[in-house]
Amino acid sequence: MSVRKIKLTSSEGTEFVVDADVANQSVIMRNMLENCEAHDAVIPLPDVTTPILAKVIEYCTHHRTGAPIPTDDANSVPKKTDNIGKWDTEFCQMDQETLFDLILAADHLDIKPLLDLACATVANMIHNKSPEEIRQTFNILNDFSLAEISKDNERMEQK
Amino acid sequence: MLDDSVEQDELEEFRRRWKQEVEAKKFVKNSGVQPQLPKPKAFRPSTTSVLESHSAEPDDPPKRDRDSPVVGQKTSLEYYMTAIEKEKVGNLSEALTNYRHAFKLDPDADDSYRQHWQQHIAPHAAATSAAVQSSSTVKHEDDFERHVHLGDDYEKPNGLAPNDTLENLLAQLRGMQLECTPLKEDKPIFIAMLPNEVLLYLLKHVIVDSVASVAHFALVCRKFLLVSRDQTLWRHLCEHAYHDPKDHEEAQIIAALADEPEPRRTQFDQLRIYGGDWRRMYIERPRLRFEGVYISVCHYLRCARKLRKFLEPAHPSCHVCMRSGCLHIFVSRIPHLPTNAIATSYYRYLRFYPDGTVVKHLTTDEPSAVVRLLQPTLKRKSLFTGTYSIKDGGVLELELLDADRPRETFFATMQICSTHRGRQNKLEWVEYCSYNSLRESRTVFPLKMMKPYFFSVVKSYRWW
């Protein structure tokens, strides 16, 4: 029996052809494919750009195991930030924009392992940093008014 | 024997002299704060007494009070307005001083200001990096900082539990549509692309790693503050931090059979005690900390003559460190004493794991050398492994075994306490005994030489 081929189209219309077990890592796509009887299915993904889709496919292709993916449980343990494999670490070497786009895509397509990996990478960027360092990393302005900061400081001291 | 008592006498004399010095200093400081500010509009008498008790702080606040009578009496409102003026001009350090004066006199100075000047809205000044300290030194994972306990234990305030200090601010923020403002105008903020649910999912990763990081995250901007207070985040943390380890396996089985997992039922029962607030539960409910070690240290003086052959004169100079409440001797020799007295320290380490196991070690080795290696598999003398459980009221019970003494089981009962430095930081001894299975006898150890354990973070520990 030949492996089912799935055609994915990005927002710009670029087509990617992948095997079913690669696409099945996305719960959204798996549900769509189960309902669709045709051997060659086409899934349009207008919310995912070409470079991000390429990254997602790269991840899913590397992690294809054929084992069933467990259904998402909102309270399940996020991936341990320290247990990231070598391939995964190298995969996550990318600029912030791509990384966050990847998080959004993984959330949109419901690929929990990829979401966990990307979030763990960002968590490492936040971990052990002071507020000012976090601001510098993510380019955020401190919008607390000076009054609010000193009020808080005063209360903290009086405690 | 005579030598020992002489040493003790001299040490006592030393202690007495030092105490006198400290008392003298305290008196000077207190008398300096005496000139009370005459009653301005919303003067709260409690604030000055709070200042006096804050002896550990640097002299900054009391000094200012001494200086201000020269300026003339000012109401908190006037301070607040001055602060705003200074802020507008860009003189932030003066502004901050004035704000602090205003808040010292009236903790709700900003509300008072708002009421008086309804047409003026407090300016949203961009706090420059001068107002915020940034520590960009990279801390190596192997670095270890041991925290020594100073001062009194944490005393829970009477009556109702303290409210979140930022409650007013949070109430305000909840009604607002918040966005992040970029630091550099031309560059976008990528993290702001994430919807709040995804941001929360991200924070779940961060909080399990380090709760302090989430606290820092909350200080970045208003939007992040609001997001970090979301209950689902703290619930997630609580479910990780609190286990009933002994029933863990049973709970798994029960969970598999029933719809409602046992641990969650217990969690909700506990939650009711804390007013349904997961964050409050995490802060107040006794728990063990897994991201470091609890260390108990014991110092004492020993006569060198007996130990001379084992010791080298590594530190010939005397370095005695005085901190409020405790006299620390950090040396090997004290030259001015007639016989060579050596200050020895030995440490007891306790490391807990979420699965209900615990490691205990007794050694003279310093923390920085030991903490890295502290694991159940470590092969050393005086290393105990065992299990623990937490009972109501923060009572901790340990059951330990020493590989070198298989017939003895050690039972320790301790109380989890909090200190000024942080919560669930301290373990106090309640009882320590052992049971010998061969002789069927129980021995209770005296607690005289047992000092409480204090918690220190170890960055390299990964506990989840």
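Biologist: Why is B:Arg17 called partly exposed?

Modeller: In this predicted model, B:Arg17 has a relative accessibility of 46%. Buried requires a value under 20% and exposed a value over 50%, so 46% places B:Arg17 in the class in between.

Biologist: What makes the contact between B:Arg17 and B:Glu13 a salt bridge?

Modeller: The side chains of B:Arg17 and B:Glu13 meet at 3.6 Å, N to O. The rule asks for a side-chain nitrogen of Lys or Arg within 4 Å of a carboxyl oxygen of Asp or Glu, and the pair therefore qualifies.

Biologist: How are B:Arg17 and B:Glu13 placed along helix α1 of chain B?

Modeller: They lie 4 residues apart in this helix, which spans residues 2-33. That spacing amounts to about one helical turn.

Biologist: Why is B:Glu284 called buried?

Modeller: Its relative accessible area is 13%. Because the limit for buried is under 20%, B:Glu284 falls within that class. B:Glu284 forms a salt bridge with B:Arg280, with 3.3 Å between the closest N and O atoms. B:Arg280 counts as partly exposed, at 26%. Both residues belong to helix α14 of chain B (residues 278-284), where 4 residues, about one helical turn, separate them.

Biologist: How do you know that B:Arg442 is exposed?

Modeller: The value for B:Arg442 is 53% relative accessibility. The class of exposed residues starts over 50%, so B:Arg442 belongs to it. B:Arg442 forms a salt bridge with B:Glu431, the closest N and O atoms lying 3.7 Å apart. This pair links distant parts of the chain: B:Arg442 is in strand β10 (residues 441-444) of chain B and B:Glu431 in strand β9 (residues 422-436) of chain B, 11 residues apart. At 32%, B:Glu431 is partly exposed.

Biologist: How many salt bridges does the rule give over all chains?

Modeller: The count is 14. In chain A, A:Lys5, A:Asp19, A:Asp21 and A:Arg64 are linked in a network of salt bridges.

Biologist: What makes β1 and β2 of chain A paired strands?

Modeller: The two strands are joined by 5 bridges. Pairing needs at least two bridges, so β1(A) and β2(A) count as paired. They run antiparallel. Within this pairing, A:Leu8 has A:Phe16 as its bridge partner in β2(A), and A:Thr9 stands opposite A:Glu15.

Biologist: Why are β2 and β3 of chain A called edge strands?

Modeller: The open sheet has 3 strands in the order β2-β1-β3, with mixed pairing. Strands β2 (15-19) and β3 (41-44) each pair on one side only. On average, neighbouring strands of this sheet are turned by 25° against each other, direction ignored.

Methods: Residues are numbered from 1 along each chain as its sequence is written. Chains are lettered from A and ligands numbered from 1 in the order in which they are written. This is a predicted model: local features need pLDDT of at least 70, side-chain atom pairs count only at pLDDT 80 or more; totals for chains, interfaces and linings use all residues. Side-chain values use heavy atoms; hydrogens and water are left out. Axes are lines fitted to C-alpha atoms, for helices over the stretch in contact, and angles run from 0 to 180 degrees between N-to-C directions. Buried means under 20% relative accessible area, exposed over 50%, partly exposed in between (1.4 Å probe, protein chains only).
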